[in-house]
Amino acid sequence: MNDTYIPDNPLIVQSDHSLLLEVHSPRSEAVREAIAPFAELVKSPEHIHTYRITPLSIWNARAAGLNTTAMIAVLQQYAKYPVPEGVAQEIEALGRRYGLAVIERDDAGLVLRVADAPLAELLVRDRRVAPLLDGRLSELCFRIKLGVRGLLKQALVAIGYPADDLAGYAEGQELLLQLRTVTRSGEAFSVRPYQWEAAAAFYQDGAVQGGSGVIVLPCGAGKTIVGMAVMAQVQENTLILSTSRTSMEQWRRELLDKTDLAPEAIAEYSSQRKDTGPVTLATYQMLTYRPSREEDFVHFGLFHARSWGLIIYDEVHLLPAPVFRITAELQSRRRLGLTATLIREDGLEVDVFALIGPKRYDVPWRELEGQGFIAAADCTEVRIAQTPARDMEYALAPRQQQFRLAAENPRKVNVVEALLRQEAGHRILVIGEYLSQLQELADTTRFPLLTGKTPQMERERLYKSFREGTVPGLVLSRVGNFAVDLPDADVLIQVSGKYGSRQEEAQRLGRVLRPKRDGRRARFYTLVSLRTCEEDFARHRQLFLTEQGYSYRIEGEG
Amino acid sequence: MPYSQNQPTPLPTLAAALQYQTVDQLKMLAVLFSTDQRRPTRKAELIEFIQQHTEGDKLKALWRQLDTLQQAAIAETVYSQDGYFRPDQFSAKYGKAPNWGTSDRYGYRRVPSLLGLFFFDGTIPDDLRRRFREFVPKPEPARLTSQDNLPGEWELVGHGWNPQTRRREPHSERIPISPVLTERAARHDLKAVLRLIDAGKLTVSDKTHQPGAAALKAVGALLSGGDFYDDAQGDNEYQKIGSIKAFAWPLLVQAGNLAALGEKCLELTKTGQKALSAPAEKILAQLWQRWLKTTLLDELRRIDCIKGQTGKGQRGLTAVAGRRAVINQALRDCPAGKWIAVNELFRQMRAIELTFEVTRNPWDLYISNPHYGSLGDGGFHGWHILQARYCLCVLFEYAATLGLIDVAYIPPYGARPDYGDLWGTDDLAFFSRYDGLVYFRINPLGAYCLGMATDYRPSIPETQALLRVLPNLEIATVGEPLEPADEMFLNCYAHKISDVVWKLDQARLLEAVEAGHSVSALQELLQARSDQPLPETVTRFLSDMVNRATRLQDKGAARLIECADAALATLIANDSRTKPYCLLAGDRYLAVPADAETRFRTALRKVGYSLPK
């Protein structure tokens with residue numbers, strides 16, 4: 001244990017359980033690999049990356065087989081300053097709790113085994129856990145009531161004793177699926193090493209220790225491919241839940257392009273068609289539909305429509321609360337969560353851990369960028385002054401309208417034109433919030449406009465045209481935020497946004513992060529009206545992007 | 001230069017000197033010659049007898065009979081400018097007085113030694129001096145002893161009660177010496193104190209300009225390595241030593257004109273503002289020079305047990321500038337880079353007569369009681385009590401605080417047991433809090449500040465905390481832990497979000513600017529402490545804040561006047577007589593700047609209206 005200042009060590013362990021890693025240090029890569037299993041990367045700006053040790057990160061690490069002594073040893077080995085006593089104690093205390101409760105299966109059903117009598121007594125007296133238990137089989141063993149496996153796991157996490165679920169999974173209907181080596185479109189295809197690693201870390205050769213959990217990969221890193229690799233390993237009927245119809249289409253396209261599934265094997269459960277098949281695609285929105293607040297979710301029957309062997313939750317950080325509830329009943333199915341971030345705006349990371357499973361794999365975007373798997377991006381904020389008349393109009397407007405006035409600064413159109421000239425020859429997306437502004441931009445740039453009102457068929461046609469290069473750019477409303485797979489897009493101009501939404505910023509940037517064939521860098525422009533509240537919102541977005549490690553420049557007046 | 005000039009009158013010849021002696025005295029001198037010749041009894045004959053035996057080579061023969069110390073006394077006096085023998089100086093230089101002869105316990109029945117033949121009232125007659133010079137070698141100048149290394153311990157000698165023998169017995173104890181290198185700390189502390197003042201968190205008394213308990217605590221918390229002594233460790237009030245550095249800094253910055261007392265607390269002057277970014281060594285040198293002349297404090301006041309300094313005794317105190325000039329000169333005479341015992345410095349100062357008086361009238365200074373404890377009594381106002389303690393204070397509290405001298409010290413308890421005979425000192429744990437200073441060394445900064453070196457190169461390379469300024473507006477310390485002063489400085493501008501991370505945010509930064517802090521100072525600090533250029537997001541953020549902070553200006557107070565209707569308000573606001581003094585505010589209101597109110601009222605009357613008060 002070091003108790004002095006060691007300048008060459010790159011890690012600073014803070015008493016609030018955050019870890020600062022100096023990325024320029026020669027030892028930073030080794031440290032990153034050592035701490036990543038038990039600390040969540042919170043932000044990764046230039047120079048210093050911040051990780052945080054949380055109960056979930058510790059339990060995730062314990063689930064992966066790492067013990068607390070090893071975690072503390074890593075901190076002590078690489079810490080620049082003495083490790084605060086409280087941090088080591090907390091790791092020890094939290095880590096020790098994982099696995100004290102184990103869910104197993106016996107001939108009669110599920111049982112909960114606990115490590116010692118005090119914990120057993122604690123559980124039988126806990127108002128959240130006790131109702132889920134169906135009698136005591138021995139001093140340290142309880143029968144679990146039918147159908148409450150998920151709820152019990154949630155309750156155990158809530159009281160700080162996460163269960164190690166070794167009860168295994170029900171067999172689903174068989175699905176014969178092979179990944180292609182040459183895509184249907186004729187291009188060579190192979191799963192990248194990290195994608196295989198992620199799939200293997202999830203499946204664990206079919207062992208009960210695997211089969212449920214979350215894969216964290218940055219935007220553009222090919223989470224869909226990881227999903228398909230897992231499907232190829234599981235070989236059972238799969239239900240894929242995603243955030244939008246466009247995303248569903250993307251899954252379908254990818255499955256058809258890169259696997260040997262026949263088109264009729266992929267069913268769509270949507271507002272238009274309510275089919276189920278060996279592979280079924282649905283959206284969260286569809287599943288959570290109900291005619292009124294008092295009625296049941298009418299589409300939840302989908303979860304029991306077939307004997308699913310695997311459920312894939314795409315963008316699991318957006319998983320709506322009702323789906324958590326139904327997921328609690330599906331603990332005997334293998335569950336794969338895919339996401340770019342474990343952080344949820346609603347703080348339900350704990351439910352993701354309890355009901356979907358622990359984090360099984362992650363890899364930082366910078367590593368993928370270094371290996372050329374995602375494109376490098378330059379972010380530029382362009383500040384544009386308003387006309388004096390517009391300045392006055394802005395000053396006199398009610399506060400609620402000021403943001404929109406600033407966002408629709410007419411001078412932005414000129415700047416977009418200038419950027420289009422500057423980026424001529426590139427594949428450009430213009431994304432904005434307000435339809436009138438987007439319409440004006442579409443008229444000026446002669447790019448097709450896609451909004452929420454654009455029929456799905458028309459959307460797919462325009463996306464296809466863009467992918468094929470027959471249109472050089474698109475003007476997109478908020479529909480462009482999610483799951484638009486436009487691999488060749490390399491310039492994105494954001495003319496207006498949803499206040500300071502960091503999630504929106506990440507999603508939009510993700511549109512241009514697909515690796516380019518010629519290795520060129522993606523460019524992400526944000527247009528901001530000078531001396532307006534848009535500057536303040538832009539600062540939130542700026543912080544988010546810099547914290548993700550993107551280079552950020554500010555151009556223009558001011 | 002001693003204040004009083006009570007030396008004896010010069011004597012031109014031996015004969016003249018002998019004439020001043022009584023017959024008895026002459027008889028005692030006559031017996032000093034080893035001769036079989038009968039000694040005369042009459043005065044004139046005795047004088048002649050003595051003169052005969054000191055003529056020619058006989059003088060040299062007599063000189064040869066003197067011991068080394070007596071010969072030194074002759075040499076020192078013969079080669080002195082005025083022919084006087086200085087007993088203090090001689091004792092300081094040679095360690096003890098020469099043998100003058102014997103006397104009884106009360107100083108009577110004196111039997112002179114051979115020196116009595118040459119010294120009359122401490123003087124050698126001019127003719128004898130001329131003759132001595134022909135063969136007496138010139139004395140070596142007094143030399144200051146210094147050393148390269150410090151002893152690890154200091155031997156405390158004192159008396160203690162032995163319970164076994166039930167007697168007070170002498171004993172000695174070895175105490176570890178604490179060496180403190182002050183150079184780096186002073187550079188840091190200067191900035192820390194200036195930043196504390198800049199933050200408006202240092203208050204001093206409006207009468208004495210001295211820091212109170214809260215200020216001492218505030219300064220003490222910022223000092224690099226803390227104060228010399230830490231009273232917090234003990235709970236015995238009787239043994240509290242008190243602040244040294246924390247007391248000195250507020251006075252030093254005031255004396256140096258870096259800070260001045262504002263309405264409630266110290267505020268940086270323009271010089272002080274500049275000092276924040278100026279090279280520390282220059283400011284420290286300036287502070288020392290200013291301190292030499294300041295009248296803000298008489299360091300004798302810091303010797304708490306010497307009373308009477310604010311009463312009658314104050315009138316007798318000598319000017320502080322003169323005293324400090326002597327100490328300054330004494331320091332300049334010391335070799336740089338060598339450890340010197342403070343007692344050795346005191347010895348040297350007295351030996352070369354580089355000394356000063358603290359008071360013209362020690363009778364008005366006292367310990368504990370003005371009658372019994374007066375320092376006027378013989379021996380009570382000796383060099384070791386007044387001058388030595390004054391020197392210790394200047395050296396320990398001001399020179400060391402400014403980083404001019406490295407110091408080695410022990411706790412003051414029993415460190416200088418030379419005051420035990422003084423009335424009223426029985427209950428003192430120490431005479432002054434500076435008594436523990438035992439060694440000092442002039443460091444490179446001291447050599448520079450004292451004018452002994454033309455340029456300054458730090459003896460210890462500066463290791464500054466390294467800051468990493470991140471593009472997401474966070475500032476992290478990744479090197480040496482941040483000094484409290486820098487931490488306080490950052491706290492003014494940014495939120496501390498974890499142990500070593502601050503986050504710049506608009507509200508805090510604007511608040512800092514509003515409080516008078518400069519964004520450029522922050523930018524300078526960040527640039528100076530960062531080994532990378534500041535990220536563009538940060539520079540842009542700071543420039544945005546500067547821009548926002550300067551777009552509004554406070555133009556002073558104004559009086560808001562309500563008019564009966566909008567037409568009247570518009571009339572007054574546009575009338576050529578009132579227009580220069582008011583502004584239309586809304587429909588029916590006028591704003592009149594406070595400093596234009598009288599002119600506005602006058603003009604308003606000309607327009608035909610008046611504004612009741």
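By class, how many nonpolar, polar and charged residues does the lining of the largest cavity have? I shall open with that question, colleagues, and with the reminder that the model before you is predicted. The lining has 7 nonpolar, 4 polar and 2 charged residues.

Let me place that cavity in its setting. The structure holds 4 cavities of 30 Å³ or more, and the largest has a volume of about 80 Å³. Rolling a probe the size of a water molecule over the atoms shows where empty space is left. Of the 13 residues that line the largest cavity, those nearest its centre are G497(A), T526(A), L527(A), E534(A) and R541(A). Two elements of chain A, β22 (522–529) and α21 (533–547), each contribute at least two lining residues. The largest share, 4 residues, comes from α21(A).

I turn next to chain B and its helix α21, which covers residues 536–550. This helix has 15 residues and spans 21 Å from its first C-alpha to its last, close to the 21 Å expected at 1.5 Å a residue. Its buried residues are T537(B), V538(B), R540(B), F541(B), L542(B), D544(B) and M545(B). An α-helix has 3.6 residues a turn, so residues three or four places apart point the same way.

The aromatic rings come next. Over all chains, the count comes to 30 aromatic pairs. One of them joins F396(B) and Y409(B) in a tilted arrangement, with 5.3 Å from centre to centre and 55° between the planes. F396(B) belongs to helix α16 (residues 387–399) and Y409(B) to strand β11 (residues 405–409), both of chain B, so the pair ties together parts that are 13 residues apart in sequence. Both F396(B) and Y409(B) are buried. Elsewhere in chain B, ring pairs link F85(B), F90(B), Y94(B), W100(B) and F119(B) into a cluster.

Rings also meet charged side chains. In chain A, R427(A) lies over the face of F466(A), at 4.6 Å from the ring centre. In chain B, the charged end of R323(B) sits over the ring of Y390(B), 4.7 Å from its centre.

Finally, I draw your attention to Q154(A), in helix α6 (residues 149–158) of chain A. Is Q154(A) buried, partly exposed or exposed? Q154(A) has a relative accessible area of 21% and is therefore partly exposed, given that buried means under 20%.

Conventions: Residues are numbered from 1 along each chain as its sequence is written. Chains are lettered from A and ligands numbered from 1 in the order in which they are written. This is a predicted model: local features need pLDDT of at least 70, side-chain atom pairs count only at pLDDT 80 or more; totals for chains, interfaces and linings use all residues. Side-chain values use heavy atoms; hydrogens and water are left out. Rings of Phe, Tyr and Trp (its six-membered ring) pair if their centres lie within 6.5 Å; planes under 30 degrees apart count as stacked, over 60 as edge-to-face and the rest as tilted. Buried means under 20% relative accessible area, exposed over 50%, partly exposed in between (1.4 Å probe, protein chains only). A charge sits over a ring if NZ of Lys or CZ of Arg is within 6 Å of the ring centre and within 35 degrees of the ring normal. On a 1 Å grid over the protein atoms alone, a cavity is a set of points where a 1.4 Å probe fits but cannot get out, and a pocket is an open set with protein on both sides within 12 Å along at least five of seven lines; lining residues have an atom within 4 Å of a point. Grid points are joined across faces, edges and corners, and a volume is the space filled by probe spheres set on the points. Ala, Val, Leu, Ile, Met, Phe, Trp, Tyr, Cys and Pro count as nonpolar, Asp, Glu, Lys and Arg as charged, and the others, Gly among them, as polar. The expected span of a helix is 1.5 Å times one less than its number of residues.
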